[in-house]
Amino acid sequence: MKNALNWFEIPVTDMTRACRFYSSLLATELETTPSCGGQMAVLPHENGAVGGCLFQHEQMSPANHGTMIYLDAGGDLAAMLGRVESAGGRIDMPITRVSDEVGDIALIIDTEGNRVGLHAPS
């Protein structure tokens, strides 16, 4: 096993609103496609690398508790965190140093009510 994680889905109730938020947060455009009886918008990732999507489906609901995912903020966590509120989300925990080895994290609540982590490695 190369990675414990190979795919994730962030549940959304309003795909248009969620795409607008994550497009702003990640500074990239997202496109929706039908999938498994719902709609999905794949988040940017390299071919063969861990990936994920926004997913709207009647069997999924956003939540601010439970499993936590961390999106890669690259080398500039402050810049990504700076886009959260203008995109309609809110900051739940400001930039916090985990350790010199792990780097920094922050927590946000997206427009759908999901609690999502942002991570910048050291």
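Before you start, note that the model is predicted: local features need pLDDT of at least 70, side-chain atom pairs count only at pLDDT 80 or more, and totals for chains, interfaces and linings use all residues. Residues are numbered from 1 along each chain as its sequence is written, and side-chain values use heavy atoms, with hydrogens and water left out.

Stop 1: Select 70–72 (S5) and 90–99 (S6), then 103–109 (S7) and 115–120 (S8). Strands here are DSSP runs of E with at least two residues, helices runs of H or I with at least four, numbered from the N terminus; two strands pair if DSSP finds at least two bridges between them. The four strands make an open, mixed sheet in the order S5-S8-S7-S6. S5 and S6 are the edges: each has a single partner strand, so one side of each lacks a neighbour in the sheet.

**Stop 2: S5 beside S8.** These two strands run parallel, joined by three bridges. Pick Leu71 and you will find Leu118 of S8 opposite.

**Stop 3: the helix.** Now select residues 15–26, helix H1, which lies across S5, S7 and S8 at about 50° to S5. Angles run from 0 to 180 degrees between N-to-C directions, using axes fitted to C-alpha atoms, for helices over the stretch in contact (heavy atoms within 4.5 Å).

**Stop 4: two rings.** Finish with Phe21 and Tyr22, whose ring centres are 5.0 Å apart and whose planes meet at 90°, so the pair is edge-to-face. Rings of Phe, Tyr and Trp (its six-membered ring) pair with centres within 6.5 Å; planes under 30 degrees apart are stacked, over 60 edge-to-face, and the rest tilted. Phe21 is buried at 0% relative accessibility, and Tyr22 is buried with a relative accessible area of 0% (buried is under 20%, exposed over 50%, partly exposed in between; 1.4 Å probe, protein chains only).
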